[in-house]
Amino acid sequence: MNGPSSKAVLFLLPAVALSTVVFLLPFGWLVYASFKVQGQGSLLMADGLSVANYMRLVTDSYFAAALWRTVWLSAVSTLLCLVIGLPVARLIATGSGRAKGLLLALMLVPLVCGALLPSLGMIHLLGSLGVVNGTLKMLGLIGGSIKLLGTTGGVILGMVQAFLPLMVLPLVNTLSRLPRDVEAAAASLGASPIRVWRRVILPLAMPGIVAGAVLVFCAGFTAFVTPQVLGQGKIATFGTVAYQQAALVLDWPFASTLAVVVLVAIGLTLILSAQFDRLTKRRRALA
């Protein structure tokens, strides 16, 4: 090994060691613990390996329902973030000056605040005496308060609010690179604005759409604070169930199983998105 290469390896060693200790070893232990079971009447793990936790996850209707609920909550949140985020990203990408900077800053606020502060703010918005119910009552649209907290609708609203930047930012990056003359050319050939969006902008923005969709779906699948705070313990998702099993029931092997399933789901999502991206690139090359 020559001098520069050996120096590069030495520089990489701390990062590799840190990644191994912080990420790989805990993940390895998580997988190992998921195949263990808790001893009878004990908090310690029993000897031997077993798939009992995975069978329990499949056969117990409560946990199976939590898994399905997490999947569709994440999917609906992703779809809503795309519908809301696409025009917002387009506005930012085509904007300029202070308005563009202000919109970008607003998109970054939920990311830098963490999940807890926006969720607490949503309680004041969605509560029985909150802004939403107060406004609807003032306008005479409702007679009594609408229950939003502790419902799936409230959780979805919170997830969309929390994860919208994850959709907008990749879209802004993609849309900013689109040449303006392509749209102008399509319009000059008689294409309506809707047709320009459908046949020009959306296909060219597909890499950003895929990246944003993957980020929002994975964030929704692993979300804990937003479902816990806005669901008020009534909406069981995989994140809240894993927390209950680890911190309240103290069944760490089963909590590890739930965590492993989340990791596998994220891995499958990334693989499918990569395959979809490869397919779209191939079709674009053949077109």
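Is T240 buried or exposed? T240 is buried, with a relative accessible area of 2%; buried means under 20% relative accessible area, exposed over 50% and partly exposed in between, for a 1.4 Å probe and protein chains only.

This is a predicted model, in which local features need pLDDT of at least 70 and side-chain atom pairs count only at pLDDT 80 or more, while totals for chains, interfaces and linings use all residues. Residues are numbered from 1 along each chain as its sequence is written, and side-chain values use heavy atoms, with hydrogens and water left out.

Two residues and their helices are set out below. Helices are DSSP runs (H or I, at least four residues), numbered from the N terminus.

| Residue | Helix | Relative accessible area |
|---|---|---|
| M206 | α10 (residues 206-222) | 23% |
| T240 | α12 (residues 238-248) | 2% |

The side chain of T240 reaches the backbone nitrogen of T237 at 2.9 Å. Beyond its neighbours within four places in sequence, T240 is in contact (heavy atoms within 4.5 Å) with F224, P227, Q228 and I235.

M206 is partly exposed. Residues up to four places away in sequence aside, M206 touches F276, T280 and R284. Between M206 and L175, which are 31 residues apart in sequence, the C-alpha to C-alpha distance is 9.7 Å.

Helix α10 has 17 residues and should span 24 Å at 1.5 Å a residue, which agrees with the 24 Å between its end C-alpha atoms; the expected span is 1.5 Å times one less than the number of residues. Among the buried residues of α10 are G208, V214, F217 and F221. The buried residues of α10 pack against α3 (61-94), α7 (152-176), α9 (193-204) and α13 (252-286).

Note on methods
A polar contact is a pair of N or O atoms within 3.5 Å; within protein, one must be able to donate a hydrogen and the other to accept it, and residues adjacent in sequence count only if both atoms are side-chain atoms.
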